Amino acid sequence: MTFGLVLSGGGARGIAHLGVLKGLLEAGFSFSQLAGTSAGAIVGSLFAYGYSPDEILKIIETTPFYRHVRPAFTRMGLLRLDKAETLYRTYLPEDRFETLPIPLHVVATNLTEGTLAVFDTGELVRPVLASCCLPGIFEPYWINKQQYVDGAVLNNMPVEVIEQKVDFIVGSHCNPFVSHKPLTSMKGVLERSLVLAVRSKTNERLARCNLLIEPPELSRFDVFDWRRARELFRLGYQHVRALEPQLVKIAESAQ
């Protein structure tokens, strides 16, 4: 039995994917296909290249990513991501999908054509950055004269990209919706509304996962909580560890 792993977007909450991934590997899982959106594309690309979850966490904790974004000075976004290309190429020097030991599929939203784009051949770094291009925050990303933004706009859980390529789909989703007391800030209203909009288009895809991992505690975190990286990692890892007996049985059935 072959396993595929789908990684959702979710901003800083996507760091929990690393803890989830570490727990899955310890339970005996190995993956023959990966698919990711936004933060999931970042995690997926680094893992597919060969970095361990702990190594990726260290990269996130020690790299000053904010130095590699710059003001956009346009009406299309506050910041630009193009300067980050050089940074990512230090970790993904070959910059080709074909060089990855595990096949990876990255999704982004093509604004020019109004369609979902799936990248799995050719250059790697720019599609990953395009997949992370949150509308309103980052200026749309240009690839081959087309404008791209965050893949979550159209598909935050790209299960269908790999479900015909593997026998068993594991989904790691980091945007749980848990009812809270009434909101009291515009920021809270906007963020909750975004989560609901994305979630409404994601529910059907979540149901198509053979195994869905969605730590409910992630609802306590902000999508910009990058400084809480280790806490997010630990939360994802502990959630999977609690499922270990079930996971070991699944992994052993593939042998």
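Predicted model: local features only at pLDDT ≥ 70, side-chain atom pairs only at ≥ 80, totals over all residues.

**The cavity**

The structure holds 1 cavity of 30 Å³ or more, and the volume of the largest cavity is about 30 Å³. Its lining is made up of G23, E26, A27, V240, R241, E244 and L247, which by class divide into 3 nonpolar, 1 polar and 3 charged residues. At least two residues of this lining come from each of the helices α1, α7 and α8, whose ranges are set out below.

| Element | Residues |
|---|---|
| α1 | 16-26 |
| α7 | 229-241 |
| α8 | 244-253 |

**The contact of α1 with α3**

Helix α1, which supplies residues to the cavity lining, also packs with helix α3, residues 53-62, and the two axes come within 9 Å and cross at roughly 165°. Because angles over 145 degrees count as roughly antiparallel, α1 and α3 are therefore roughly antiparallel to each other. The crossing in which α1 passes α3 is left-handed.

On the side of α1 the contact is made by L18, L21, K22 and L25, while α3 brings P53, D54, I56, L57 and I60 to the contact. Taken by class, the contact of α1 with α3 has 7 nonpolar and 2 charged residues, with no polar residue, whereas the lining of the largest cavity includes 3 charged residues and 1 polar residue.

Definitions and conventions. Residues numbered from 1 in each chain as written. Heavy atoms only, no water. 1 Å grid on protein atoms, 1.4 Å probe; cavity = no way out; pocket = protein on both sides within 12 Å on 5 of 7 lines; lining within 4 Å. Points joined across faces, edges and corners; volume = space filled by probe spheres on them. Helix = DSSP H or I, 4+ residues; strand = E, 2+ residues; numbered from the N terminus. Nonpolar A, V, L, I, M, F, W, Y, C, P; charged D, E, K, R; others polar. Axes fitted to C-alpha atoms, helices over the stretch in contact; angles between N-to-C directions. Parallel < 35°, antiparallel > 145°, perpendicular 65-115°, else oblique. Left-handed = near helix turned anticlockwise from the far one by under 90°. Contact = heavy atoms within 4.5 Å.
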